[in-house]
Amino acid sequence: MAGQKRGHLNKDGILIYEKQDFEGMRASGRLAAETLDMIIEHVKPGVTTAELDKRIQDYIESRGAISATIGYRGYEHASCISLNHVVCHGIPSDKRLKDGDILNIDVTCILDGWFGDTSRMYKVGKLSRKAERLIDITHDSLMKGIEQVKPGNTFGDIGAAIQEFVEGYRMSVVRDFCGHGLGQAFHTAPNVLHYGKWGTGPVLEPGMFFTIEPMVNLGRPSTKVLADGWTAVTRDKTLSAQFEHSIGVTETGYEIFTLSPAGKFYPTWD
Ligand code: MF3
Ligand code: CO
Ligand code: CO
C-alpha cells in the first residue's frame with residue numbers, strides 16, 4: 001500500500017525488504033537512469049550546469065516523480081554536478097562546460113515513495129589520457145564491488161574489492177564519503193564503505209537495498225568541503241570520478257535497479 005513503511009530490521013539494524021518491494025525500486029531506479037540517459041545530449045561545451053539541472057528537474061517531475069535532493073538538508077537542486085577536481089556534491093551554477101572537462105551527474109528521484117539514486121561520468125570533447133583512464137578505472141571498480149554482492153558475503157568484501165582494484169592502478173579511493181542503505185528513505189544503515197578488509201562487516205542478506213558509489217582520485221584520497229557547505233574537492237586538486245548504482249540483494253546475487261535502459265551508463269557513446 002502506498003505510504004506504508006515496509007521491511008523489517010535485521011540484527012545489524014539494516015532494513016530487509018520483501019520480494020514484492022523490488023518492483024518499487026525497479027521503477028524508481030529506472031526513472032533515475034532514464035534521467036541520466038536524457039541529459040547525455042545536453043552535455044556539451046558552453047552549457048551551464050544550472051541549465052542541465054533545470055532539465056533534470058523538469059524531466060523527473062514530468063514523469064510523476066520528485067527529486068529527493070530538493071529540500072534535503074537545505075540543498076536546493078535536483079542534481080549534484082561535480083566537475084573535474086570536485087569529488088561530489090557539486091552545486092549546479094552558471095559555470096559553463098568546456099572542452100576537456102569531466103563531470104559526474106548524480107540524481108535521486110522518489111517515485112511512489114521509493115528512492116532511486118544513481119550517478120555516472122560524462123565527458124566534454126576530447127579528454128586527456130589520464131582523465132579517460134580515471135573514468136575507466138572508477139567505472140570498473142564499481143562493477144568489482146557489485147560482483148561481491150550475494151548472500152553470505154560481507155560489506156567488507158565490497159570495500160576490499162573496490163580498494164584493491166583501484167590501488168592496483170595507483171589511484172586512490174575517497175574515504176570521506178560512502179554508499180548507503182536506501183528504499184523508502186534516502187540515507188539509511190549501513191554505511192557502504194569503498195575500502196576495507198575481506199570478510200569483515202555485516203553479512204549481506206536477500207532484501208537489502210543499498211548504493212555503491214565509489215569516488216576515485218588520481219592523487220591523494222583526502223577531500224575538503226568548500227565554504228558553500230556542500231562542494232567536496234580533492235585537497236591536492238587532482239581529478240576525481242564517481243559512478244553509483246542502487247542495488248538489491250537477491251537469493252543468488254544482486255539486481256541493479258539503476259541500469260541504463262539505453263546501455264549508456266558507461267560513457268562510450270561519443
Ligand atoms: N545523491 C547523493 C548520494 O549519492 C546525495 C546527494 S545529497 C545532496 O547519496 F543534497 F547533495 F543532493
Ligand atoms: Co547515494
Ligand atoms: Co547519488
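This section describes the helices, selected residues, the cysteines and the ligand surroundings of one predicted model. In this predicted model, local features need pLDDT of at least 70 and side-chain atom pairs count only at pLDDT 80 or more, while totals for chains, interfaces and linings use all residues. Residues are numbered from 1 along each chain as its sequence is written, chains are lettered from A and ligands numbered from 1 in the order in which they are written, and side-chain values use heavy atoms, without hydrogens and water.

Helices and strands are DSSP runs, numbered from the N terminus (helices: H or I, at least four residues; strands: E, at least two). The expected span of a helix is 1.5 Å times one less than its number of residues. Helix α2 covers residues 49-62. Buried means under 20% relative accessible area, exposed over 50%, and partly exposed in between (1.4 Å probe, protein chains only). The buried residues of α2 are T49, L52, D53, I56 and I60. Seen down the axis of α2, these buried residues fall within an arc of 100 degrees, so they line one face of the helix. The arc is that of the directions from the helix axis to the C-beta atoms. The buried residues of α2 pack against α1 (22-38), β3 (66-67), β4 (79-83) and β6 (102-111). Contact here means heavy atoms within 4.5 Å. Just after α2 comes G64, with a positive phi of about 80 degrees.

Helix α3 (residues 129-147) has 19 residues. From first C-alpha to last, α3 reaches 27 Å, close to the 27 Å expected at 1.5 Å a residue. Its buried residues include A131, L134, I135, T138 and H139. S141, L142, G145 and I146 are also among them.

Helix α4 (residues 155-167) should span 18 Å with its 13 residues at 1.5 Å each. Its end C-alpha atoms are 19 Å apart, which agrees. Eleven of the 13 residues of α4 are buried, so the helix is largely enclosed by the rest of the structure. Among these buried residues are F155, D157, I162, Q163 and F165. The cover over the buried residues of α4 includes α3, β8 (172-173), β10 (188-192), β11 (209-212) and β12 (215-217).

Two buried polar residues come next. S119 lies in strand β7 (residues 114-123). At 0% relative accessibility, S119 counts as buried. Its side chain makes a polar contact of 2.9 Å with the side chain of N104. A polar contact is a pair of N or O atoms within 3.5 Å; within protein, one must be able to donate a hydrogen and the other to accept it, and residues adjacent in sequence count only if both atoms are side-chain atoms. Not counting residues up to four places away in sequence, S119 touches L36, N104, I105, D106, Q242, F243, E244 and F265. Q242 sits in strand β15 (residues 240-242). With a relative accessible area of 1%, Q242 is buried. A polar atom of the Q242 side chain lies 2.9 Å from the backbone oxygen of E213. Leaving aside neighbours within four places in sequence, the contacts of Q242 include V87, C88, N104, S119 and T138.

D228 is found in the loop between β13 (223-225) and β14 (232-234). With a relative accessible area of 40%, D228 is partly exposed. Its side chain reaches the backbone nitrogen of W230 at 2.7 Å. D228 and I91 are 137 residues apart in sequence, yet 8.9 Å apart in space, C-alpha to C-alpha.

A disulfide is a covalent bond between the sulfur atoms of two cysteines. It is counted when a pair of cysteine sulfur atoms lies within 2.5 Å. By this rule the count is zero. The sulfur of C88 is 7.6 Å from the closest cysteine sulfur, in C80, too far for a bond. C109 is in no disulfide either, as the nearest cysteine sulfur, that of C80, is 14 Å away. C88 is buried at 5% relative accessibility, and C109 is buried at 1%.

Ligand 1 is surrounded by 14 residues. A residue is near a molecule if one of its heavy atoms lies within 4 Å of it. The closest are T69, H180, H187, E213 and E244. A polar side-chain atom of E213 lies 2.8 Å from an oxygen atom of ligand 1. For E244, a polar side-chain atom lies 3.0 Å from a ligand oxygen. In D106, a side-chain N or O atom is 3.1 Å from a nitrogen atom of ligand 1.
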